[in-house]
Amino acid sequence: MFPDSSTGWALSRYGYEECKATADWLLAQAPVRPLLGVVCGSGLGGLAEMLKDQTAVRYGDVPGFPQSTVDGHAGRLVFGTLKGKPCVCMQGRFHLYEGHPIQKTTMPMRVFKLMGVETVILTNAAGGLNPDFTVGDIMVIKDHINIPGFAGNNPLVGENDKRFGERFPCMSDAYDRGLQRLVHSLAAELDYSGFIQEGVYSALGGPSFETVAECRMLRSLGADAVGMSTVHEVIVARHCGMRVLALSLITNQAVMDYDSEKKANHEEVLQTGQLRAQQMEKLVSGVVSRMELADRRH
Ligand code: HPA
């Protein structure tokens, strides 16, 4: 590959053989072979507690796996069944702002794929840009704007390994429409329609929150929410053919006005996560119970 460039280093450390070794090691510990992967966003790690017959592995104990450094992210992979379906949950994800190369932040998606995962549900905390959104809304992501990608920071940059997917993957169908419909119908049944939204998620690198001018720019580009994750994972998940559902919890209103007294902060993000955790869990488990997965013995 490219041993002398930083991209090459990241690629060779997180290439097919390395991801396969990590996946095989995990499968040897796991009580189930997962068909479903869940990524828990900031303050939403409780989703993993819904799994039955759990086996948890700390990231630090998994050969070749990155380490999580953020408050609100436990840093564990939890295996078990959710509504009878074999599942693996990431309690904590990897962000660009932690200083990881982008290929490292998305390595778990390839490990998921090589363990047999076919559908990934990603959750995150996000700032609301759409003036119709309020704190505590759950936004079903229907599309994204990959701002780091505009500057060439895309997780698929570098030599393409066809065992994962094609060189130029389509992204206009990144977010599975059937699963989005399922969330909306379930939300109506659960009487959650008052706080369910849909929209476009824009990702920035962080860790600083956005300026007023940046929020206004993102809004005028068509973004409804802003955060620091998810998009790069979705790109890698779609590249290797996994189906994707992604949900943002709107934990704060992005500051769009110079007269505003509000200031974005991580504590508010975590607190709102706790407020809506239960509904988020019900929604995710409801979708899982109704979604079709391959009929495979585990
Ligand atoms: N901006 C970026 N990331 C975030 C925000 C925000 O306002 N809220 C939660 N994650």
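A residue counts as buried when its relative accessible area is under 20%, as exposed when that area is over 50%, and as partly exposed in between (1.4 Å probe, protein chains only). The views below come from a predicted model, where local features need pLDDT of at least 70 and side-chain atom pairs count only at pLDDT 80 or more, while totals for chains, interfaces and linings use all residues. Residues are numbered from 1 along each chain as its sequence is written, and side-chain values use heavy atoms, with hydrogens and water left out.

**View 1. Asp161 and its partner Arg163.** Let us start with Asp161, in the loop between α5 (147-150) and α6 (177-189); helices here are DSSP runs of H or I with at least four residues, strands are E runs with at least two, and both are numbered from the N terminus. Asp161 counts as buried because its relative accessibility is 16%. Its side chain is joined to that of Arg163 by a polar contact of 3.0 Å. Such a contact is a pair of N or O atoms within 3.5 Å; within protein, one must be able to donate a hydrogen and the other to accept it, and residues adjacent in sequence count only if both atoms are side-chain atoms.

**View 2. His144 in strand β6.** Next comes His144, a member of the strand that covers residues 138-146. With a relative accessibility of 15%, His144 is buried too. The side chains of His144 and Tyr175 make a polar contact of 2.8 Å.

**View 3. The shell around the ligand.** Here you can look for Ala125, Ala126, Gly127, Phe209, Glu210, Val226, Gly227, Met228, Thr251, Asn252 and Val269, which surround the ligand, each having a heavy atom within 4 Å of it. Strands β5 (119-128), β8 (225-227) and β9 (243-253) each supply at least two residues of this shell, and β5 gives the largest share, with three.

View 4. The protein buries 95% of the 260 Å² that the ligand exposes when taken alone, with areas from the Shrake-Rupley method and a 1.4 Å probe.

**View 5. Glu268 and Thr251.** Finally, find Glu268 in helix α9 (residues 266-290). Glu268 is partly exposed because its relative accessible area is 26%.
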